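Reader: I have a model open and want to learn how to read it. Where do we begin?

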Amino acid sequence: MKRIGFIGAGNMGGALALAASKTDCSLYVSDPDTAKAKALCKSTGATLADHDTVCEVCDLIYLGVKPQVLATVAEQLTPTLQSRNTPYCLVSMAAGVTLARLAELFPGAAIIRIMPNTPVALGEGMILYCYNQNATKEQVDAFLYAMAHAGKVDLLDESLFDAATSVSGCGPAFAYMFADALAKGGAECGLPYEKAAKYAAQMMLGAARMLQNDSRTPEQLRIAVCSPGGSTIEGVKVLQQNEMEQTVQDAVKASCKRNIELGKQ
């Protein structure tokens, strides 16, 4: 049984802990916000701990802290980590912080860098990962096992992380905005907002599964829905006239730019 520690009980750390709790791994949670840590322990069956305990006993240690404070946290954790005589692997989810920078902060450590999104809590997430030369196959396999109930996990060249995160990591927020706009549009046509939001959510779920299971491209699937002279094509024309596609592309590029900036801090 692997022991997995979570330093940071925020939204993303909490979502990953929920996914890991579906395995037979033993979980430990540490966060300066004790109330938040206790709540996560209650929902996952994890043991409440402090940073030192997590660093002393856990095989995989998830760092759920903001990029801006990672250096400070590293100073706190390093003495305990370097005093260990058993293998451990750090799993960093800090946006924009590269393996090279992580190696500077945690000298000699085995490190897996990940970029997850919040749907991992429901088993429908997307986790991108890469790792440094110190991470063993056993440690990577342990990570994959811990995330087996999180959704899709994909090994990706680190040079593509900033771009990929802008799609999979930031994308849920964009999708929620689209669902809200659909629901509000339905409400303006006389449909109760709650029902419109429910229909939009199920539509997006179905459309996503079509994208995953159909060999056609997103563009080809769109064309298939748009019957000539029908109602769908009229709505698509409005989206095209208002440059929805370009706006979304600009949003992804803005998020990517920010990811790069975070990595330089």
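Author: With burial. Buried means under 20% relative accessible area, and exposed means over 50%. Partly exposed lies in between. Keep in mind that this is a predicted model.

Reader: Which residues of α4 are buried?

Author: Leu70, Val73, Ala74, Leu77, Thr78, Thr80 and Leu81. Their cover includes β1 (3–7), α3 (51–57), β4 (60–63), β5 (89–92) and α5 (99–105).

Reader: How many residues does α4 have, and how far does the helix reach?

Author: The expected span is 1.5 Å times one less than the number of residues. Helix α4 (residues 70–82) has 13 residues. From first C-alpha to last, α4 reaches 17 Å, close to the expected 18 Å.

Reader: Where is the kink in α4?

Author: At glutamine 76, shortly before proline 79. The kink is about 35°.

Reader: Now arginine 113. Is this residue buried or exposed?

Author: Apply the cut-off: buried means under 20%. Arginine 113 has 2% relative accessibility, so it counts as buried. It is found in strand β6 (residues 110–115).

Reader: What does the side chain of arginine 113 make a polar contact with?

Author: The side chain of glutamate 158, at 2.9 Å. The arginine 113 side chain also reaches the backbone oxygen of valine 97 at 3.1 Å. Leaving aside neighbours within four places in sequence, arginine 113 is in contact with residues including Leu128, Tyr129 and Phe161.

Reader: And tyrosine 145: where does it lie?

Author: In helix α6 (residues 137–146). Tyrosine 145 has 40% relative accessibility, so it counts as partly exposed. Not counting residues up to four places away in sequence, tyrosine 145 touches Thr23, Asp24 and Cys25.

Note on methods:
Residues numbered from 1 in each chain as written. Predicted model: local features only at pLDDT ≥ 70, side-chain atom pairs only at ≥ 80, totals over all residues. Heavy atoms only, no water. Helix = DSSP H or I, 4+ residues; strand = E, 2+ residues; numbered from the N terminus. Buried < 20%, exposed > 50% of the residue type's maximum accessible area, 1.4 Å probe, protein only. Polar contact = N/O pair within 3.5 Å; in protein donor to acceptor, adjacent residues only side chain to side chain. Contact = heavy atoms within 4.5 Å. Bend = angle between axes of the 7 residues up to and from the residue.
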